[in-house]
Amino acid sequence: MTAPVFVLHPVAEDDFEPMLEVRTAAMRESLERVGRYTPERSRERLRAAFTPEHMHHLASPGGQRMGFVTVLPEGAGALRLQHLYLHPDWQGRGIGAAVLASVQDRARREGAVLRVTALKHSNANRFYLRHGFVQTGEEDVDVHYEWRPVEAVA
């Protein structure tokens with residue numbers, strides 16, 4: 001049996017600063033590319049979407065913090081992948097794909113569509129397309145995607 005590539009840990013209010021550091025490390029380059037990076041804006045954006053009850057730290061099996069994920073209910077039959085951030089030191093190892101697969105499994109179990117928004121010109125766009133998401137819209141600096149569970153064939 002293969003060891004898990006990540007472990008989920010609950011988030012508390014006092015986790016905000018370490019999570020801001022991860023988000024900034026993961027997003028800064030993409031935000032600078034579209035002219036949207038400032039430390040103040042990054043803090044405000046995470047603070048506005050900081051919902052510990054829907055968030056989990058991603059940790060290595062040895063306990064190192066790697067990133068975090070947030071999945072929110074979004075009306076009947078829908079989930080929103082609000083955040084999926086990995087510190088750059090942990091990117092490119094299949095961890096993001098494993099986390100996304102677990103979120104897709106949840107959506108499949110709940111019969112829910114999974115929605116996500118990615119920043120234009122971010123590597124996240126290729127990542128979501130590669131994992132079965134379909135673009136549903138675009139505005140300003142954001143691209144919107146949906147993933148739907150495959151219906152079982154009778």
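Visitor: Which residues does threonine 70 touch, not counting residues up to four places away in sequence?
Guide: This is a predicted model, where local features need pLDDT of at least 70, side-chain atom pairs count only at pLDDT 80 or more, and totals for chains, interfaces and linings use all residues. Residues are numbered from 1 along each chain as its sequence is written, and side-chain values use heavy atoms, with hydrogens and water left out. Contact means heavy atoms within 4.5 Å. On that basis threonine 70 touches Thr51, His54, Met55, Arg80, Leu81, Gln82 and His83.

Visitor: Is threonine 70 buried or exposed?
Guide: Threonine 70 is found in strand E3, residues 65-73. Strands (E, at least two residues) and helices (H or I, at least four) are DSSP runs, numbered from the N terminus. Buried means under 20% relative accessible area, exposed over 50%, partly exposed in between (1.4 Å probe, protein chains only). Threonine 70 has a relative accessible area of 0%, so it is buried.

Visitor: Which side chain joins that of threonine 70 in a polar contact of 2.8 Å?
Guide: A polar contact is a pair of N or O atoms within 3.5 Å; within protein, one must be able to donate a hydrogen and the other to accept it, and residues adjacent in sequence count only if both atoms are side-chain atoms. At 2.8 Å, the partner is histidine 83.

Visitor: What is the phi of histidine 121?
Guide: Histidine 121 sits in the loop between strand E5 (113-119) and helix H4 (123-130). Most residues other than glycine have a negative phi. Histidine 121 has a positive value, near 65°.
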